Amino acid sequence: MLLGLGVLWSLASGASAAPPPRDFTAETRAVYAVAACGDAPPPVFDAGTVRNHCRQVAHTVSLWKKQWRDRAMPWFETLLHAGYPSTVVYPFGGGDLVTLLGVYPDATEYTTLSLEGMGDPRPLAQLGSDQPRERALRATRLSAELTRMRRQLTINLGWAWNTTNDLSAGSSSTGDGVPNILSLTLVALQAHGYEVLEARYFELAADGTPRYLTTAEVEAFDAEQAKAPRRHIVKDNTTVQPGLFNNIELVFRKRGEPNAPKKIFRHIGADLSDEGFAQSGAAYAYLDHRAGMAAMTKASSYLLWDPEFAKLRGLLLARMKLMISDDTGIPPRFAQPAGFTQQVFGAYRGAFFHFADKATAKEMVELWKAAPAGKLGFHFGYYDNRRNTHVLYTHR
């Protein structure tokens with residue numbers, strides 16, 4: 001048997017390979033089955049509770065398909081008919097993979113970044129049991145957890161945007177029984193016809209490279225958590241969610257199509273402000289490696305208008321080819337001198353929220369005066385101050 005040069009060198013030098021990543025596929029697929037209703041649930045979970053939950057999830061997803069997917073996806077397909085990069089990023093987009101897949105269905109690498117973490121899929125196992133009597137007792141808590149998750153899902157799929165407050169409240173590094181943000185992500189895959197093949201959690205190295213969590217690191221985290229009584233982590237909507245289970249990498253493909261190409265989704269918990277990048281530049285480095293990417297943002301509290309997010313704005317302008325957004329995208333004063341053309345759709349008469357910078361909002365109003373006649377048939381991010389829907393397309 002022939003050995004590669006790298007293997008021979010390792011044997012000769014005594015060098016040991018890096019420990020393999022801790023595989024979270026089984027736990028994540030359980031959340032995909034029970035919370036996202038993408039597969040038959042494991043028999044340890046109360047069948048009636050899961051069946052009732054999935055009936056309501058199916059209804060919510062059906063409404064989303066009728067009211068958003070069937071209207072918006074053909075529209076974006078026409079707008080982006082010339083094609084777009086295979087790598088797309090969504091700053092401030094935690095929990096909203098469903099829209100990212102709707103705008104860029106043909107991409108192969110998707111990244112969302114936000115303050116919220118994905119959460120730990122493992123505690124879901126505590127809501128099931130091999131023993132019928134015990135399983136029935138745990139069904140009450142399972143039902144309560146799934147009800148909480150559906151409230152978040154209804155907002156995510158039925159409303160124009162989710163709030164940082166709501167997402168922060170549904171984000172936890174250790175997780176409750178059902179991790180809300182991860183569940184929203186898995187519902188997005190299910191609704192678009194995808195299945196999960198692999199799941200890992202990671203941290204970013206200083207150069208922006210994902211470094212996957214090992215079994216030893218997870219066990220050390222669990223041991224540290226066990227030293228103190230279990231408590232809910234305080235959800236702070238101004239800082240990155242603390243803990244080990246913020247950043248996830250999912251490999252997925254079309255459900256039931258073994259020859260379909262594999263795609264990658266990553267979520268990164270990160271503070272994208274200038275101050276956040278100064279404290280930790282790993283997320284900046286990750287984005288900086290993605291030259292030629294497509295981008296998207298919406299309902300992002302006008303942060304790309306803000307001087308405190310100048311580094312992110314500059315990086316996007318340097319690295320992206322195009323961007324889909326609502327009015328919280330990059331203002332003309334920055335985009336147009338960088339060589340971008342901006343097309344607008346729908347109607348816009350001013351910012352929806354009073355805290356938006358008035359001068360920039362006025363700039364956006366001027367931009368929308370060139371919008372084609374007619375209204376969009378779907379919502380995308382914030383409304384304007386007269387509840388009009390709109391889209392901004394920034395491209396080279």
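**View 1. Leu-204 and its bridge partner Pro-210, which lies in strand E4.** In this predicted model, strand E3, made of residues 194-204, pairs with E4 in the antiparallel sense, and three bridges make up the pairing.

**View 2. An open sheet of ten strands with mixed pairing.** Read across the sheet, the strands follow the order E4-E3-E5-E6-E2-E1-E7-E8-E10-E9. The edges are strand E4 (210-212) and strand E9 (341-346), each of which pairs on one side only. On average, and with direction ignored, neighbouring strands of this sheet are turned by 25 degrees against each other.

**View 3. Helix H11 lying across strands E1, E7 and E8.** The helix covers residues 310-319, while the strands that H11 lies across are E1 (87-91), E7 (293-297) and E8 (320-325).

**View 4. The contact of helix H3 with helix H5, whose axes come within 10 Å.** Helix H3 spans residues 47-79 and helix H5 spans residues 132-158, and their axes cross at roughly 5 degrees. Because angles under 35 degrees count as roughly parallel, H3 is described as roughly parallel to H5. On the H3 side the contact includes Thr-49, His-53, Gln-56 and Trp-64, and on the H5 side the residues include Leu-142, Met-149, Arg-150 and Leu-157. Sorted by kind, the residues of the contact of H3 with H5 are ten nonpolar, six polar and one charged.

**View 5. Helix H2 packing against helix H7 at an angle of about 70 degrees.** Here the axes of H2 (residues 25-34) and H7 (residues 180-191) are 9 Å apart. Since angles of 65 to 115 degrees count as roughly perpendicular, H2 is roughly perpendicular to H7. Thr-28, Val-31 and Tyr-32 in H2 meet Ser-183, Leu-186 and Gln-190 in H7. The residues of this contact of H2 with H7 divide into three nonpolar, three polar and no charged.

**View 6. Arg-349 in the loop between E9 and helix H13.** Helix H13 covers residues 358-368. The relative accessible area of Arg-349 is 43%, so Arg-349 is partly exposed, as this value lies between the limits of 20% for buried and 50% for exposed. When residues up to four places away in sequence are not counted, Arg-349 touches Val-365, Asp-384, Asn-385, Arg-386 and Asn-388. Trp-368 is 19 residues apart from Arg-349 in sequence, and from C-alpha to C-alpha the two are 8.0 Å apart in space.

Notes
Residues numbered from 1 in each chain as written. Predicted model: local features only at pLDDT ≥ 70, side-chain atom pairs only at ≥ 80, totals over all residues. Heavy atoms only, no water. Axes fitted to C-alpha atoms, helices over the stretch in contact; angles between N-to-C directions. Helix = DSSP H or I, 4+ residues; strand = E, 2+ residues; numbered from the N terminus. Parallel < 35°, antiparallel > 145°, perpendicular 65-115°, else oblique. Contact = heavy atoms within 4.5 Å. Nonpolar A, V, L, I, M, F, W, Y, C, P; charged D, E, K, R; others polar. Pairing = 2+ DSSP bridges. Buried < 20%, exposed > 50% of the residue type's maximum accessible area, 1.4 Å probe, protein only.
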